[in-house]
Amino acid sequence: MKNKFIVIEGLEGSGKTTICNYIMNMLKIWGIKSIITREPGGTPLNEKLRKIIKKERKKEIISNKTELLMFYALRAQSLEYIIKPSLKNGLWVISDRYSISSQAYQGYNDSNKKIIKNLNYYVLEGISPDITLYLDIDPKIGIYRAKKRGKLDRIEKKSLSFFKKTRSRYLEIVNKNKKKIKKINTEKPLYLVKKEVKIILLRWLLKNLK
Ligand code: TYD
């Protein structure tokens, strides 16, 4: 079977990192070698920029345009140095966030939606995930979980209404792409979320074996 590109999406506190690790271990048991990368992040340079993007700054606020372009700059870097070479070398790639994050978090008006479409064309060069798992969560619960992890970063500090709108944009995207994006409710015990992830991936893999 050809190696695959799997993306995990969702709001803060939805459990993306845990699920990425779970999938990697599951693939390992099935004899499949994979790597995990994350956005923003992945390469050494991207990890440095990740800190800059997430840090709250009072003096020089990151403008909306700068923020959107930064996410795409990091995505370009991650594609060039992690995603493309790994897929070329036969590894499966599990990415904690990808372009749908930009659509959900930065796609808040028609102008941004249009720019994101163009940036996707320019930056992604047609590299899209074989399957995306969207971990759905009520933002109130997600932020509560994120708070328990530690101090909230610049983006996590945004208002509840921002996250509610982000969630509705996620759901809109999911509903338009049901074949490629699978929605998983994460307001239940972790072992049940994992069980659902396993079933979805097994079904999808069996379909792709044919
Ligand atoms: P991260 O700590 O990875 O998210 P999580 O809390 O889910 O573990 O932080 C990434 C932040 O960047 C998150 O708040 C979402 C935001 N983001 C965007 O706004 N647009 C994007 O394109 C990406 C990749 C992330």
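Two strands are taken to pair if DSSP finds at least two bridges between them. In this predicted model, strand S1 (residues 5–10) and strand S3 are joined by four bridges and run parallel. Within this pairing, Phe-5 has Val-93 of S3 as its bridge partner. Strand S3 also pairs with strand S2 (residues 34–38), again in the parallel sense, over five bridges. Here Ile-36 is found opposite Ile-94 of S3.

Strand S3 itself, spanning residues 92–96, is mostly covered, with five of its five residues buried. The cover extends to both faces of the strand: Trp-92, Ile-94 and Asp-96 are buried on one side, and Val-93 and Ser-95 are buried on the other.

The ligand has 16 residues around it, of which Glu-12, Lys-16, Lys-54, Ser-102 and Gln-106 come nearest. Helices H2 (44–54), H3 (64–88) and H4 (99–105) each contribute at least two residues to the shell, and H4 provides the largest share, with three residues.

For Lys-54, a polar side-chain atom is placed 2.3 Å from a ligand oxygen atom; for Ser-102, the corresponding separation from an oxygen atom of the ligand is 2.6 Å. In the side chain of Arg-149, an N or O atom lies 3.1 Å from an oxygen atom of the ligand.

Notes
Residues numbered from 1 in each chain as written. Predicted model: local features only at pLDDT ≥ 70, side-chain atom pairs only at ≥ 80, totals over all residues. Heavy atoms only, no water. Near = heavy atom within 4 Å. Polar contact = N/O pair within 3.5 Å; in protein donor to acceptor, adjacent residues only side chain to side chain. Buried < 20%, exposed > 50% of the residue type's maximum accessible area, 1.4 Å probe, protein only.
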